[in-house]
Amino acid sequence: MFRRRVFFQRIGVVLPVLAAAALLVYAVVPWLPLSRKARPPRTIVLYGFSILADSLNHGVFPEFQNEWRTKTGETVELVSSFAGSGTVTNQILMGVPAEIALLSLELDALKLAAAGVVPKDSWKTFPHAGVVNRTPFVILVRRGNPLHIRDFSDLASPGVRVVHPDPLTSGGANWAIVAEYGAGFRRPGGGPRGGYDMLLGVWRNVVAQAASARAARTQFENGFGDALVTYEQEALFDRYRGTLNSDIVYPRSTIYSEHTLVRIDRNIPGRDRDLVDAFVQFLWSDRAQAAFSKYGFRSVDEGRNSRLARIEDGFTISDFGGWSRAKKEIVDGVWKGRVLKELGK
Amino acid sequence: MSAALPVETRRRRERTAFAPVSILVLILLPLLLMPLGAVFVFALRGGLPAFWRAVRAPEAQFALRFSLLIAFLTAGINAVLGTFAAYVLSKYRFRGERTLGIVVNLPVAIPTVVVGTSLLLLWGPIGLLGKLITPLGIQPMFRPAGVLLAHLFVTFPYMLGTVKPLLDELETTYEEAAYTIGAGRWTTFRLVLLPALRGGLVTGALLTFAHSLGEFGATVMVSGNLRLRTQTAPLYIFAQFEAGDIAQANAIAAVLAALSFLIFFFLFRYTARTKKAA
Amino acid sequence: MSIVLEELTKVYAGRRVVDRVSLEVGEGELFVLLGSSGSGKSTVLRLIAGLSRADGGTVTLFGRDVTNLPPQARGVGFVFQNYSIFRHMTVARNIEFGLRLRGVSRSERRKKSGELLELIGLGGLGGRYASQLSGGQQQRVALARALAYEPRVLLLDEPFGALDAKIRLQLRRTLREIQQALHVTTILVTHDQDEAFELADRIGVVDRGRLLEVGTGEELYSRPQSFFVATFLGAGVVLHGRCEEGQARFGRVTLPIPADLPHEEGGPVRVLIRPEQLVLDPSPGTEPEGTPTLGTGTVIEEIFAGSSKRVRVRIPEQAGLRQIFPVAPFGETGILVDAVLGADRAIPDEVSVLLKGWRVLAQPEPRVLSLGEAPETAIAAAKLARSIKAVLTVLGIAKDSDRVERTRSEIRSRLGEDASGVELRVRAGDRTEQVLSEVSESFYDLVVADGGGDERRRAPGERALLQRSKTPILFARGGERPLRSLLICTAVGEPGRNDVRFGGWLAARLRARVLLLHVAVGGQEPAAWVHAHLDRGVRTLQALGVDGARKVLPARTPLEGILAETRSGAHDLVVIGRHAGRARSVRGRDDVTFQVLRSADRSVLVVPADA
């Protein structure tokens with residue numbers, strides 16, 4: 001009896017200690033200099049906005065590593081971090097060691113330029129003015145489209161509950177607003193009045209504003225609302241993985257969101273410059289663009305997008321004078337200044 | 001000890017406890033238990049192989065190991081620092097003692113995001129001190145060291161909170177008894193004081209460990225959130241969530257939750273045992 | 001000698017908590033330091049053990065100066081009041097701790113702890129933890145732990161303080177047995193005199209950091225020297241009188257002063273009378289010859305105490321006799337004494353109180369109380385106290401208890417450099433009441449009060465004091481003039497004796513001249529008894545060692561004479577008597593004492609006839 005109690009007491013002490021030791025070994029092993037190579041590999045540090053994570057990690061990075069290895073024999077590492085575009089921008093402002101950043105809005109690049117992190121318009125010197133890929137804004141609806149939504153204008157119909165990311169915090173939401181405004185504007189007889197009416201109509205039906213495009217998506221997937229305005233890429237990627245359980249509706253007119261690359265020279269050590277430049281150039285290569293396509297993005301080269309649904313009247317932010325004007329006139333001027341006031345939100 | 005209690009009273013106690021206990025369980029169910037259960041349900045919804053794949057992903061492995069490493073380091077370093085702080089605050093009387101007592105407990109009251117921000121504003125590349133040391137090639141932020149700093153800051157009060165009450169309770173004569181018998185200061189600390197503090201040390205270290213494992217707010221600010229470099233498990237979960245890999249996020253969340261359960265299970269058993277021994 | 005302390009001193013926050021303690025303890029002796037809490041006795045023990053650092057003096061253990069050694073190197077065993085048994089170790093491991101540190105082998109340790117466990121009566125309990133032991137058992141373990149490595153000195157700090165009375169008795173016996181068996185030199189600190197009497201080979205009584213007296217229990221009980229020891233150990237009353245012609249005079253009683261206790265003529269004398277030294281004679285007036293009689297008193301209380309009974313007797317007020325311990329209830333003017341009688345003895349209401357024995361105490365240092373609100377009064381009192389080698393107490397009265405600290409610091413800054421060695425007392429409340437309470441609760445030889453201004457402006461406290469006090473009051477006036485010449489006025493009606501005695505004593509201490517003055521009112525030649533009285537006065541002064549002269553001065557009124565002499569003779573202090581029993585009439589404006597007080601431009605000392 002006594003001996004058994006002692007045994008159990010021992011077990012009660014030994015087991016946790018063993019467990020802790022095992023955990024410690026598990027945690028420490030990768031940091032031990034056991035199989036340390038002669039020299040650590042060179043690295044590229046890339047910060048990107050969230051939806052790029054998979055296409056880069058699993059698509060573009062391995063392609064580049066292979067190509068670089070066959071070309072030079074050197075193995076390089078790509079270190080990445082993904083968060084909302086605004087977050088990435090702020091992180092860079094705070095000094096994270098990003099060498100390359102991929103932002104969902106040129107607006108964020110402008111912010112970096114304003115803070116002196118990168119020279120103004122430095123990204124314009126890259127191919128396609130620094131745009132690495134794009135994706136149009138589409139409408140996601142419930143399977144079988146029970147509310148028969150065909151276009152942005154249908155989102156304004158009474159009774160449609162729209163889930164929308166919040167333009168104050170989400171880059172995607174800014175794109176969506178310009179998409180909605182542009183669709184109204186470009187409608188025959190639209191013009192500024194049409195744009196305003198479209199925004200007003202859609203936003204009258206917005207029932208939830210999520211902090212990010214991603215969060216809006218999650219809300220919608222959890223069964224909230226009837227329609228979601230979001231990137232085509234997200235839906236395509238889900239379809240590719242077989243997890244899409246809603247239908248994609250292509251509006252007649254919509255915007256292509258264009259994703260801008262900036263290179264933060266001050267974070268790049270001189271000896272890595274060639275490597276970083278090679279990677280930057282690689283992003284517009286066929287192999288990289290094909291990888292993006294695989295993950296649902298549209299290539300900057302329209303010829304590669306033939307397998308994807310045709311957008312009848314696609315437009316870009318330059319049609320509205322670039323982001324600095326669009327932000328001021330459409331997002332702040334029309335949406336914030338008039339639509340929200342009108343709706344009393 | 002409880003065996004000495006007459007069966008009659010015990011049974012009655014059980015019966016009267018039924019109503020309040022069931023109310024409590026009803027409250028706790030949606031508040032705590034069900035959300036935790038949901039994590040496991042979702043983590044395993046794709047089947048065990050999918051769960052295993054998710055856990056085996058290199059980024060996930062890195063995040064878990066990194067989190068554990070930081071948690072071990074944090075618990076170890078703060079065990080020493082916290083015990084020292086507790087000793088000083090408990091055994092010495094000095095001007096500003098109260099203020100110092102408040103300062104060391106401050107991290108409890110400060111939002112962790114603020115902790116992260118303040119660390120960045122001090123050590124970061126554009127921070128007050130960071131501006132001076134960055135040109136020297138020293139920059140703790142966005143590196144494992146920065147994560148460790150943040151975790152040390154955030155978890156500092158736990159050790160203090162569990163060790164200081166024990167020290168307060170020990171009269172100075174406890175040490176003095178050892179001195180007069182012939183034990184030096186260090187021997188006294190090792191053989192007399194430390195064993196008396198063991199309960200507090202274990203509890204404090206486990207609390208520190210658990211908190212460090214789950215730390216998010218400060219870490220997200222100072223780590224730079226670099227995959228395979230500075231991404232802790234909670235950051236990984238959040239990043240996966242943001243990128244849409246909810247299954248992946250759930251799998252790691254389930255692992256973290258299981259680890260925390262384990263820690264608290266030991267903690268609970270340990271405190272129960274030491275209480276019985278006392 | 002195994003423990004020798006020389007001039008050991010410890011200072012905390014400017015106060016000497018251990019004040020030049022010197023002591024020698026012999027080998028194998030069990031010495032008890034006895035004192036009330038806060039007396040510094042535990043600090044002495046901690047200084048010996050090295051747990052506190054001495055600020056002065058030396059500690060020598062077996063010929064080795066250990067004053068600057070850490071506790072680890074001193075080789076003393078220490079037992080604390082709170083046991084301080086190491087909780088995470090078994091009893092055996094606690095006991096073996098010292099041996100383990102000294103690298104003693106495991107088997108030897110086992111053997112030793114086994115022996116000690118037997119010795120302390122806890123055989124077989126070596127595997128227990130402190131939490132499984134009673135307080136008494138824990139203290140036994142602490143004792144064994146302290147003794148395990150065979151220190152040559154054992155120190156015990158209130159070891160039984162936290163235990164029940166019954167356990168305490170058992171443990172005392174155990175301690176005594178072990179101490180004798182091991183012959184270890186031991187110092188035990190306690191506040192319990194029974195414990196001290198039972199255990200000690202010798203006792204040292206500690207008060208306010210000072211080791212007052214050392215001796216066996218019997219010596220200290222029956223032949224104490226100091227007031228503190230007399231009242232701290234055992235029961236009894238202490239009476240206050242004056243030394244007259246080499247004898248102690250207490251009202252009607254005169255007692256011889258032992259040769260080994262030199263007393264200054266005219267100075268204060270104290271005598272201790274234990275309850276068992278009092279005899280209650282049921283038939284007053286028939287006292288046997290040669291037995292000193294305190295007086296006739298009334299039985300006011302009989303308290304049954306088993307085999308005996310305690311009888312409290314009140315003896316009415318007598319001139320020259322005052323009780324200073326126990327402190328009489330406020331307003332009580334008589335003497336209250338307790339006697340112990342057989343329980344079966346009946347006692348009438350009126351008894352004569354005889355003294356079967358007594359103990360004259362060492363002459364105390366005179367005590368001066370300064371009441372002055374004016375800064376110069378406190379300074380004058382400080383100067384006076386210093387020149388007569390008296391202990392000065394400055395009393396401050398705060399309006400309420402919140403201002404006590406402020407008043408204290410005000411007085412301290414007012415005294416400036418004179419503040420050192422001065423006892424500060426601050427009381428809160430009504431001034432008159434607090435002054436009277438202070439004077440009746442603590443004994444003072446002299447009170448110094450403000451003398452400035454006229455009578456109407458005088459603080460009511462002093463006036464009430466003047467009316468009721470039995471303590472001489474000096475009204476300070478005229479700045480810092482040194483007191484070189486005293487004028488003692490005997491012209492005030494019935495010739496006083498106390499004014500001459502007290503004034504003479506003061507003059508002796510001040511080394512001042514004295515002039516005895518009689519004012520011949522209306523120029524008449526004074527009666528023969530006046531001359532005889534003056535002669536006696538001069539003789540008294542001579543006995544006190546004072547240069548004294550006499551003078552008869554014709555004048556229209558006593559006041560005129562006194563004022564004239566004061567001015568022409570350049571006297572610094574006017575000493576004047578005050579009648580006993582006519583306290584109420586003092587207010588009368590024709591009273592000479594008051595007239596002098598009002599008109600003189602010098603300091604005036606008023607000596608009550610019943611002082």
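**Close-up views of a predicted three-chain model**

**View 1. The loop around C:Pro326 of chain C.** C:Pro326 lies in the loop that joins strand 18 (322-325) to strand 19 (335-342) of chain C. Helices (H or I, at least four residues) and strands (E, at least two) are DSSP runs, numbered from the N terminus. The peptide bond leading from C:Phe325 into C:Pro326 is cis, and its omega is near -10°. The model is predicted: local features need pLDDT of at least 70 and side-chain atom pairs count only at pLDDT 80 or more, whereas totals for chains, interfaces and linings use all residues. Residues are numbered from 1 along each chain as its sequence is written, while chains are lettered from A and ligands numbered from 1 in the order in which they are written.

**View 2. Positive phi at A:Ala129.** A:Ala129 is a residue other than glycine, yet its phi is positive, near 55°. Its place is the loop between helix 4 (106-114) and strand 4 (131-142) of chain A. With 15 other C-beta atoms within 10 Å, A:Ala129 is partly exposed; the term covers counts between those of a buried residue (20 or more other C-beta atoms within 10 Å of its own) and an exposed one (12 or fewer), with C-beta atoms placed from the backbone.

**View 3. Positive phi at C:Phe62.** C:Phe62, also not a glycine, has a positive phi near 50°. The residue sits in the loop between strand 4 (56-61) and strand 5 (64-65) of chain C. C:Phe62 is partly exposed, as 14 other C-beta atoms lie within 10 Å.

**View 4. Helix 10 of chain C and the residue after it.** Helix 10 (residues 404-415) has 12 residues and should span 16 Å at 1.5 Å a residue; its end C-alpha atoms are 17 Å apart, which agrees. The expected span is 1.5 Å times one less than the number of residues. Just after this helix, C:Gly416 adopts a positive phi of about 60°.

**View 5. The largest nonpolar core.** This core has 262 residues, and those with the most contacts inside it include A:Leu199, B:Ile252 and C:Val271. Helix 3 (residues 58-91) of chain B gives the largest share, 12 residues. A nonpolar core is a set of buried Ala, Val, Leu, Ile, Met, Phe, Trp, Tyr and Cys residues joined through C-beta atoms within 7 Å. Beyond its neighbours within four places in sequence, B:Ile252 is in contact (C-beta atoms, placed from the backbone, within 7 Å) with residues including B:Val55, B:Leu64 and B:Tyr236.

Notes. Contact = placed C-beta atoms within 7 Å.
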